[in-house]
Amino acid sequence: MRGQTMSDGAQPFPAHAVHVYEAQALRVRRGVNLRDPIAEAAACEPGDVYRLDPAARALRMMLCPPTDRQPQAAIAEGSAIGAPGDRVDLVSLFTLMTEDGERLELLFARHAASGAGFALPLSPIAPGVDYTLLAATDDFGGLRIGDVLCVSFGAGTMVTLPDGSQRPIETLAPGDRVLTRDHGPQPIRWIGRSTMRAKGGFAPVVITAGTLGNAGDLVVSPHHRVFIYQRGANRVGGTAEILVQAKHLVDGESVLRQEGGFVDYYSLVFDRHEIIYAEGIPAESLMVNEATVGHLPPDLAEEIRARFPGLNQTQHFGTEAGRELLDEAVRAEILGRHRQL
């Protein structure tokens, strides 16, 4: 298992922000462990129903992703939790489900210095909603907390270049120019790679060829957003441009979760958050925000500050369509509309 590194393997990429909740904010509402907070897998009981306290406040945790030289994730500057350099341990992985069948993957992490536990949802968790625990495990198959901090394309993804040709993502290198939807040819500034077990919330989503007009199967991480342009009056979110997480498009037929084995994920970073073309359809690049370089060697910090001014990229314009907007009928309409194009 490898965490994200600069493409030449020399230095780690700057810290990323994740949002976590104190463990006591997520407690059992009904079940065997009534009123107990989320904890290690061994202390939790499948079938128990958890609910996030409506008064709970999401805390920003700044993390330095692990590398071969620093195998544990660590707190970075700017974090609301802990001090720079504090170790953060990934303890347990939970799969929960709402009453309407929406699955939520959640990590339980522990801040080593204080011993405090935190819930790190991998997709938005709603306060006041009941979540039934389906499974809890401390077996991650080598997964590390830094591996879940970004959106990624699967190996083999064909990326469009400025001249219209396509190349597999794993053959690209920093400096190569890629065609973007809004800013024309743009050079890649950084490429990250992670190898992960294709299981649960980390199993890739496969958008089969032709579903959204894609030439071949598009394999992406579940939280990766694809860009969809809507025509006509009946628009999801009331806007022409929407970003949709791949997992929200899964219908079990043309958009599938693919479990089993391992998957190589690649992430691309540009000067801005861009929409590029993967298998011929628009999808986002990795967005760099709330990162810090104060902990890095001065020469590398200077280079990254020059490449990523402000280190605070803003999201590409477009409404993000969450699950509340994408019920079965709307999902079917979006997929059907694009199959006909």
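This is a predicted model: local features need pLDDT of at least 70, side-chain atom pairs count only at pLDDT 80 or more; totals for chains, interfaces and linings use all residues.
The protein has 341 residues, of which 52% count as buried, and its secondary structure comes to two helices and 24 strands. Among the contacts in the protein that have a separation of 6 or more, 65% are accounted for by residues 24 or more positions apart. The accessible surface of the protein comes to about 14600 Å², and carbon and sulfur atoms hold 48% of this area.

In soluble globular proteins, nonpolar side chains tend to be buried together. In this model, the largest nonpolar core has 27 residues, and the members that touch the most other members are Phe153, Leu172, Val178, Leu218, Val226 and Leu268. Two or more residues are given to this core by each of the strands β16 (205-207), β17 (218-220), β18 (225-229), β19 (241-245), β21, β22 and β23 (281-284). The surroundings of one of these members, Leu218, can be listed in detail: when neighbours within four places in sequence are left aside, Leu218 is in contact with Phe153, Thr157, Val205, Val206, Ile207, Val226, Ala278, Glu279 and Ile281. Another core, of 21 residues, lies apart from the largest one, and its members include Leu59, Ala73, Ile75 and Met196.

Charged side chains were examined next. A search of the whole structure finds 10 salt bridges, one of which joins the side chains of Arg30 and Asp130, with a distance of 3.3 Å from N to O. This pair links distant parts of the chain, since Arg30 belongs to strand β2 (residues 26-30) and Asp130 to strand β9 (residues 130-137), 100 residues apart.

Because Arg110 lies in strand β7 (residues 103-111) and Glu40 in the loop between β2 and β3 (49-52), the pair ties together parts that are 70 residues apart in sequence. Arg110 is partly exposed, at 23% relative accessibility, and Glu40 is likewise partly exposed, with a relative accessible area of 30%. In a further salt bridge, the side chains of Arg189 and Asp271 meet at 3.0 Å, N to O. Here Arg189 lies in the loop between β14 (184-187) and β15 (190-197), while Asp271 lies in the loop between β21 (262-269) and β22 (275-278), so this pair ties together parts that are 82 residues apart in sequence. Arg189 counts as partly exposed, with a relative accessible area of 25%, and Asp271 is partly exposed at 25% relative accessibility.

Apart from neighbours within four places in sequence, the residues in contact with Ala39 are Cys44, Ser92, Phe94 and Phe108. Of these contacts, the one with Phe108 spans 69 residues in sequence, and the C-alpha atoms of Ala39 and Phe108 are 6.8 Å apart in space. Arg35 is found in the loop between β2 and β3 as well, but it counts as exposed, because its relative accessibility of 58% is over 50%. Although Arg35 is not a glycine, it has a positive phi of about 75°.

A positive phi, of about 55°, is also found at Glu279, which is not a glycine either. Glu279 has its place in the loop between β22 and β23 and counts as buried, at 8% relative accessibility. Despite being buried, Glu279 has no salt bridge, and the nearest side chain of opposite charge, that of Arg167, is 13 Å away. A polar atom of the Glu279 side chain does, however, lie 3.5 Å from the backbone nitrogen of Gly216. Not counting residues up to four places away in sequence, Glu279 touches Gly156, Thr157, Met158, Gln166, Asn214, Ala215, Gly216, Asp217 and Leu218.

Methods
Residues are numbered from 1 along each chain as its sequence is written. Side-chain values use heavy atoms; hydrogens and water are left out. A salt bridge is a side-chain nitrogen of Lys or Arg within 4 Å of a carboxyl oxygen of Asp or Glu. Helices (H or I, at least four residues) and strands (E, at least two) are DSSP runs, numbered from the N terminus. Buried means under 20% relative accessible area, exposed over 50%, partly exposed in between (1.4 Å probe, protein chains only). Contact means heavy atoms within 4.5 Å. A nonpolar core is a set of buried Ala, Val, Leu, Ile, Met, Phe, Trp, Tyr and Cys residues joined through side-chain atoms within 4.5 Å. Accessible areas come from the Shrake-Rupley method with a 1.4 Å probe; for residues, only the protein chains shown count as cover. Lys and Arg count as positive and Asp and Glu as negative; His and the chain ends are not counted. A polar contact is a pair of N or O atoms within 3.5 Å; within protein, one must be able to donate a hydrogen and the other to accept it, and residues adjacent in sequence count only if both atoms are side-chain atoms.
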